[in-house]
Amino acid sequence: MTKWEPLFSEDCEALKGPGHRCEKCDRLDRFHGHLNKVAWWAGKFAEGMFPTGSEEGKAAREWGYLAGLWHDLGKFAPEWQAYLKTKADPHRSDVSGKLPHARSGAKHSVDTLPNVGMLFAFLISGHHSGLGNGIDSTDSSLEKQLGKSVPEFLPFVPASILDAAPEIFLPKFSVSSPTSLGIFLRFLFSALVDADFLATEAFMSHD
């Protein structure tokens with residue numbers, strides 16, 4: 001039995017489409033993929049922003065699901081996997097430093113999602129550090145974060161993850177004003193972070 005939570009599970013029922021329910025994701029099975037569970041729960045939380053069965057709710061679920069599925073893409077990089085192993089070694093963890101992984105998914109979103117990629121980048125790049133600053137060019141701004149290099153990861157990401165992006169559109173509510181879009185993104189960010197913490201907690205404290 002492995003001591004590690006799997007990063008991704010190819011056999012996840014939810015990968016078949018929005019109408020498919022994954023029992024393993026739903027019960028936070030500790031030996032089911034982390035990305036699968038975070039995607040499932042982030043989508044579930046996001047859908048709850050709108051009335052049950054509404055088109056807005058369905059769209060929000062797709063946003064939450066994709067943000068969850070892509071939030072840790074950087075962990076597929078062999079460099080990150082090697083870094084993780086140093087963290088498990090008490091004799092090396094104090095000198096191994098840090099290797100950010102959130103920028104990878106953010107960069108992938110900008111590169112592959114027309115028009116809305118930058119919005120996903122806000123969610124993904126900040127899922128540990130908080131939503132980035134989109135106005136200035138300080139070191140904490142999203143612009144500066146996206147300008148930094150990342151370890152090569154795409155060749156190591158399963159095709160089922162990269163091909164999972166649905167036709168993303170913004171719910172009508174969110175495009176009615178800049179304030180509405182900001183609220184929508186903040187709710188999505190909360191859904192992503194909560195799902196990430198819940199999945200990790202279920203693995204670490206399963207009893």
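## Contacts along the chain

Let's start with how this protein folds back on itself: among contacts between residues at least 6 apart in sequence, 66% join residues at least 24 apart. The model you are looking at is predicted.

## Overall build

The protein has nine helices and zero strands, so its pattern along the sequence reads α-α-α-α-α-α-α-α-α. Of its 207 residues, 47% are buried. The accessible surface comes to about 11,100 Å², and 56% of that surface belongs to carbon and sulfur atoms.

## A pair of helices

Two packed helices are described by the angle between their axes and the distance between the axes.

Where they meet, α5 brings Ala102, Gly105, Ala106, Ser109 and Val110, while α6 brings Gly117, Met118, Phe120, Ala121, Ile124 and Ser125. The residues of this contact divide into seven nonpolar, four polar and no charged.

## The nonpolar cores

The largest nonpolar core holds 47 residues, and those touching the most other members are Trp63, Leu69, Trp70, Phe76, Phe120 and Ile161. Helices α2, α3, α4, α6 and α9 each supply at least two residues of this core, with the largest share, 10 residues, coming from α9.

Take a look at Phe120: leaving out residues up to four places away in sequence, Phe120 touches Trp63, Leu66, Ala67, Ser109, Leu113 and Ile168. There is also a second, separate core of five residues, including Ala106, Ala121, Leu142 and Leu146.

Notes. Residues are numbered from 1 along each chain as its sequence is written. This is a predicted model: local features need pLDDT of at least 70, side-chain atom pairs count only at pLDDT 80 or more; totals for chains, interfaces and linings use all residues. Side-chain values use heavy atoms; hydrogens and water are left out. Contact means heavy atoms within 4.5 Å. Helices (H or I, at least four residues) and strands (E, at least two) are DSSP runs, numbered from the N terminus. Ala, Val, Leu, Ile, Met, Phe, Trp, Tyr, Cys and Pro count as nonpolar, Asp, Glu, Lys and Arg as charged, and the others, Gly among them, as polar. A nonpolar core is a set of buried Ala, Val, Leu, Ile, Met, Phe, Trp, Tyr and Cys residues joined through side-chain atoms within 4.5 Å. Buried means under 20% relative accessible area, exposed over 50%, partly exposed in between (1.4 Å probe, protein chains only). Accessible areas come from the Shrake-Rupley method with a 1.4 Å probe; for residues, only the protein chains shown count as cover.
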